[in-house]
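Hello,

I am handing over the structure for you to look through. My notes on it come after the file.

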Amino acid sequence: VETRLKVHLGCGHDRLEGFVNVDCQTTAATDRLTDLNSPDFESNSVALAYSHAFFEHLFRDYRLPHLTRIYESLVGDGVCCYIGLPHFRNIAKLYLEGEINLAWVYRYTHGDPEGCYDPLKNSAAWLAQLHKSLFDEEAMSTLLKQAGFGSFVIFCYAYPRDEGDTPINIGFYAAKNVQSTESLRQKALEFLKQFDHHRIRINTLQWL
């Protein structure tokens, strides 16, 4: 029986040591294949579920089933942390202030699948690369509550390769059980430190 797994969801080609690297397709990084719309982990088997730039690739109607399945998979003190989601509120703000043009808005909100795949030659890969949802703190909070999470914190931040300090990414750190906001924030920061200057710039993080 699998117990207290650390899983990296939607790993793609990015392998994380110490995690079970999970995707819906085989890559050099993949340890396990599963349908990420409804991950097949046993109930009460996952201590930590992490993802980067993954959740926005699910179709909108599968976001809640996915999170519900992750919630069911977590052990009593288990947590999940998803980062790398497009924070539409700040993206729209940048556009309205003239800081970015529509091409950049499209890249942030839709993932610029044409930059990776020709939709006529590889429509399946293009569709997989396409972002299918936009997020803000209200939408994220609603999904987490509906999935059953006992407590969570939501934050935004700037990506290391983006210019400026505007936090155009949103993420969350959610616990299966009830914990204080301050405790969750401390745990989230401790976990995210390993990705500082790689996936996230900690000094730009803002709690929402």
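Predicted model: local features only at pLDDT ≥ 70, side-chain atom pairs only at ≥ 80, totals over all residues.

Residues are numbered from 1 along each chain as its sequence is written, and side-chain values use heavy atoms, with hydrogens and water left out.

Aromatic pairs

There are 13 aromatic pairs in the structure. Rings of Phe, Tyr and Trp (its six-membered ring) pair if their centres lie within 6.5 Å; planes under 30 degrees apart count as stacked, over 60 as edge-to-face and the rest as tilted. One of the pairs is Phe55 with Phe135, which is stacked at 5.6 Å centre to centre with 25° between the planes. Phe55 lies in the loop between strand E4 (46-52) and helix H1 (60-73), and Phe135 in the loop between helix H4 (123-129) and helix H5 (137-147), so the pair ties together parts 80 residues apart in sequence. Helices (H or I, at least four residues) and strands (E, at least two) are DSSP runs, numbered from the N terminus. Both Phe55 and Phe135 are buried, where buried means under 20% relative accessible area, exposed over 50% and partly exposed in between (1.4 Å probe, protein chains only).

Tyr173 and Phe191 make a tilted pair, 6.4 Å centre to centre and 50° between the planes. Since Tyr173 lies in strand E7 (residues 169-175) and Phe191 in helix H6 (residues 181-192), this pair ties together parts that are 18 residues apart in sequence. Tyr173 is buried at a relative accessible area of 6%, and Phe191 is buried at 11%.

Charge over a ring

The charged end of Lys6 sits over the ring of Phe19, 4.6 Å from its centre. The criterion is NZ of Lys or CZ of Arg within 6 Å of the ring centre and within 35 degrees of the ring normal.

Strand E7

Seven of the seven residues of E7 are buried. On one side these are Asn169, Gly171, Tyr173 and Ala175, and on the other Ile170, Phe172 and Ala174. E7 runs antiparallel to strand E5 (residues 74-86), joined by six bridges, and antiparallel to strand E6 (residues 151-157), joined by seven bridges; two strands pair if DSSP finds at least two bridges between them. Val79 has Ala175 as its bridge partner in E7, and Ile154 stands opposite Phe172.

Regards
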